[in-house]
Amino acid sequence: MTDFHQTIDILLVEDAKFYRSVLKSQLEKELDCNVICAETFKQAATILKERGNTFFLALLDLNLPDAPNGEIVEYVISQPIPSIVFSGHFNEEIRDDLMQKNIIDYVVKDSPASIEYVISTVKRIYLNQFIKVLLVDDSKTARYQMRGLLHRYKFQVLEACDGLEALKVLDENPDIMMVITDYNMPNLDGFELTKKIRTHYSKRELSIVGVSTYGNHALSAKFIKIGANDFITKPFLNEEFFCRISQNIEMLEYINALKDSLITDYLTGVRNRRYLYDRGQEMFKEARKGDGYLIAAMIDVDHFKQINDSFGHDAGDFILTAVAKKIDHFFKNKGVVARFGGEEFCVLMYREDTEDVIETFETLRDVIAETTFTYDNHELSVQISVGITWQSTEGLDDLINLSDRFLYDAKKSGRNCIHAG
Amino acid sequence: MAEILLVEDAKFFRNIIKSQIESKFGYNVTAVETYGEAVEQLTNSNKHFDLGLLDLNLPDAPDGEIVDIVTGMGVPSLIFSGHFSEAVRDMLEHPSVIDYVVKDSPASLNYVLNMVDRYFKNSANCALVVDDSRVALKHMETLLKRFNFKVLSASTGHDALNVFNENPDIRLIICDYNMPDMQGTELCKLIRAQKSRDQVCIIGVSAYGNQTLSAQFLKAGASDFLVKPFLTEEFFCRITLNMDALEKVHKLDELVHTDLVSQLKNRRFLEEEYERTCQNAETNDLSLACAFFELDDFKTFNEAHGNDAGDAVLFMMAREFERHFNRTSPLVVRYSGSQFCFLCATDQPNNFVEEMQTLHRHIINRDFRFGKQLLNVDVSAMLCIASPGKYAELLDDTKRTLESQTARKGCFVTA
């Protein structure tokens, strides 16, 4: 549910009590965030003086009792805190005025759908921080305009002045998720660039949005035919641009989420057993070819049944998830951490030598034993038993089974310990 | 199953398209190289073709003659061309030409595959077009039908709401701004009050020059916008992207609630569904019955026969469960490792008890074939029934009772 890497603070300034409380509770429920509320300009000013600029973003009502003409917007933006503004109704004058103020977006409060809109916008803005977009256009002015918009939505922006430079930037930044390209450019035009990119990246991996001009419609048709995901026609409104970009980014995110969900354990969020065996087979082969060792460790939460029996299954699930996160974090980028079943986790990793393997797992065992997990006002702590092996075996199955045998030994000799061989 | 006629003289392109369509989607592809062979297939084979994939330049028909003959037989078609030109684009004027593909780019293969996939998926999708101009309505209806959508239409906002409420399978709404009884943005808000962006896609249509209309549509909850006049390609691009997104969201939701090993619903689904089932039982004064099946000593079983065998047995058991029930239709989920849970709201709990008993006997007496092994499993079963007002703890109670009766492994117990 929460894709957030860390908890963020959001400032909400709104005098309508109902809207404020609904928004606060929905935001906190759906996103991992704290919503700090103010009802008036004065309250907001006090909060900002006390807390300084620690807000990820602000949600501001245009009409407050002590600031009826949108004074809050200029004040908060000057802090500077990126802001989304609420208005009771829509007219072009308000819209144009707001758009000039460099706000992220505005929301018309007149329907229940506006809550959904605010939440999805905040989520989008948060996720955008981690997304790289490459802008390709030979006109500095055009790049300046689009870069401004992309920055407003918190994207990371890279730039290139023609197709050749774009390919170079793409080469150096393979994590670019979207390319927005003009057609008419020296050296390599937008069509050739699109074709070249498509020889390496499919539409499901990298999104290309072609920019065409109104009146020159066939450009957009051609962009789509040669492999662009989408197009946008100039001149465009900020809202149109944001919609087009978000739609295409979200499509890639859905595709990635689908791929992920096939290899992720739904409860704990770590890899599932299917992934462990698939990736494990590759690791096993690689280890065989090289001089190193494939290490298999089976980890089991001691007396897990007691937690379920005394505190309920929700507490049990909570502990499993928390322990999984600890283990996953502990081995981040060093190996595969998977939920093997029930309260068992399996770690596979490749090591050139086996010197400090046991020590590493002893540290993990300590870390977990020393952690206090708080669930529903209960302070819970758990211990783990670990079975480890790096023996040369016939296949992956045997290796994992062997580590499980050592885990059994560890359990038998009193738990909260490690057996290896 | 869908039948596709592929007419393409370039051998590589022909082979790869045929094999990809057959392996990815399971449709039948009849592949021929020439106009003559295509005519032969159309007139002399008994096949009815649902879709044509046609190259414009064939050795015996160099100027797109194939298009008239194939579409003339009532087969909607996708056209291949070696290059992009206005003449190729003009083919879109042809009422049975769905779209064209330019073969010179590396992305063209995927474009064809997506298009074929989209075309057949659309037949399950219902679209609603709302516009007070008959000409505009007709135009968009034609485009959507060409794209294989089921199409409904309305010329006023109130009409649109009625049609929408009578047809819960509507997935796509294309809506103009100007209507006699309400603005398109108003309609948009009214629909959004009922269904979210993940359920129904709304595309707002505005005219060029009246620019902030698209912004207003987006603010009113539209998923996307189209600016008139638009090209056919733009229209289809917009529709495709939005329908794809909607399907991805559904697929994700389904995956989150499915157990990958057994292909049954998972525990998360049960937990989300439990309250609803209780409410339904309460309202209709039904008994709620819950049963757990647990494979005994599953860990030992896996160690003895391998995890793949364990997974295969879980999968085969799940299929037996799905086949079994006649008189009751319980929700069946894989609860965890080797536990399955059955939940049933019924006014005849005895029927459910009987069916569960039979199922239990059937499973423990049955051999499951995995490779060359014939595997037999022991299953402990626990069934509890709660009368109205006493549902709350049923699930936990049943599970706890099952786990506490270790001495009675392999038995079916009713509490």
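Visitor: Which residues of β4(A) are on one side and which on the other, and are they buried or exposed?
Guide: In this predicted model, both faces of β4(A) are covered, with S83(A), V85(A) and S87(A) on one side and I84(A) and F86(A) on the other, and all of these are buried.

Visitor: How many residues of that strand are buried, then?
Guide: Five of the five residues of β4 (residues 83-87) in chain A are buried, so the strand is largely enclosed by the rest of the structure.

Visitor: And which strand pairs with β4(A), in what sense?
Guide: Strand β3 of chain A, residues 57-61, pairs with β4(A) in the parallel sense over four bridges, and within that pairing D61(A) has F86(A) as its bridge partner.

Visitor: Switching to chain B, what is the strand order in the open sheet of five strands?
Guide: The order in chain B is β2-β1-β3-β4-β5, with parallel pairing. β2 (28-32) and β5 (97-102) of chain B stand at the edges with a single partner strand each, so one side of each is left without a neighbour in the sheet. From one strand to the next, the twist averages 15 degrees.

Visitor: How many bridges join β1 and β3 of chain B?
Guide: Strand β1 (residues 3-7) and strand β3 (residues 51-55) of chain B pair over four bridges in the parallel sense, and L5(B) of this chain stands opposite G52(B) in β3(B).

Visitor: Which strands does helix α5 of chain B lie across?
Guide: Helix α5 of chain B, residues 108-122, lies across β3, β4 (77-81) and β5 of chain B, and it runs at about 165 degrees to β5(B).

Visitor: What about R14(B), where does that residue lie?
Guide: R14(B) lies in helix α1 of chain B, which covers residues 11-25. The residue is partly exposed, because 19 other C-beta atoms lie within 10 Å, and buried would need 20 or more. Leaving aside neighbours within four places in sequence, R14(B) is in contact with L6(B), E8(B) and A31(B). The C-alpha atoms of R14(B) and D55(B) are separated by 9.8 Å, although the two residues are 41 residues apart along the chain.

Visitor: Which residues have the most contacts inside the largest nonpolar core?
Guide: That core has 151 residues, and those with the most contacts inside it are I10(A), V179(A), L128(B) and I174(B). Its largest share, seven residues, comes from helix α10 (residues 232-256) of chain B. There is also a second, separate core of 42 residues, which includes Y335(B), I385(B), L395(B) and L402(B).

Visitor: What is L128(B) in contact with?
Guide: Apart from its neighbours within four places in sequence, L128(B) is in contact with L152(B), A154(B), A160(B), V163(B), F164(B), I170(B) and I173(B).

Visitor: At what angle do α13 and α14 of chain B pack?
Guide: Helix α13 (residues 307-324) and helix α14 (residues 349-364) of chain B pack at an angle of about 145 degrees, with their axes 11 Å apart, and the crossing of α13(B) and α14(B) is right-handed. M317(B), E320(B) and H324(B) of α13(B) make the contact with E355(B), L359(B), H362(B) and I363(B) of α14(B). These residues divide into three nonpolar, two polar and two charged.

Visitor: Last topic, how many residues does each chain give to the contact between chain A and chain B?
Guide: The contact takes 46 residues from chain A and 44 residues from chain B. On the side of chain B, the elements giving two or more residues are α8 (184-192), α9 (212-219), β10 (224-228) and α10, and the largest share, twelve residues, comes from α10(B). The residues on that side of chain B divide into 20 nonpolar, twelve polar and twelve charged.

How values were computed:
Residues numbered from 1 in each chain as written. Chains lettered and ligands numbered in written order. Predicted model: local features only at pLDDT ≥ 70, side-chain atom pairs only at ≥ 80, totals over all residues. Pairing = 2+ DSSP bridges. Axes fitted to C-alpha atoms, helices over the stretch in contact; angles between N-to-C directions. Contact = placed C-beta atoms within 7 Å. Core = buried A, V, L, I, M, F, W, Y, C linked by C-beta atoms within 7 Å. Buried ≥ 20, exposed ≤ 12 C-beta atoms within 10 Å, placed from the backbone. Left-handed = near helix turned anticlockwise from the far one by under 90°. Nonpolar A, V, L, I, M, F, W, Y, C, P; charged D, E, K, R; others polar.
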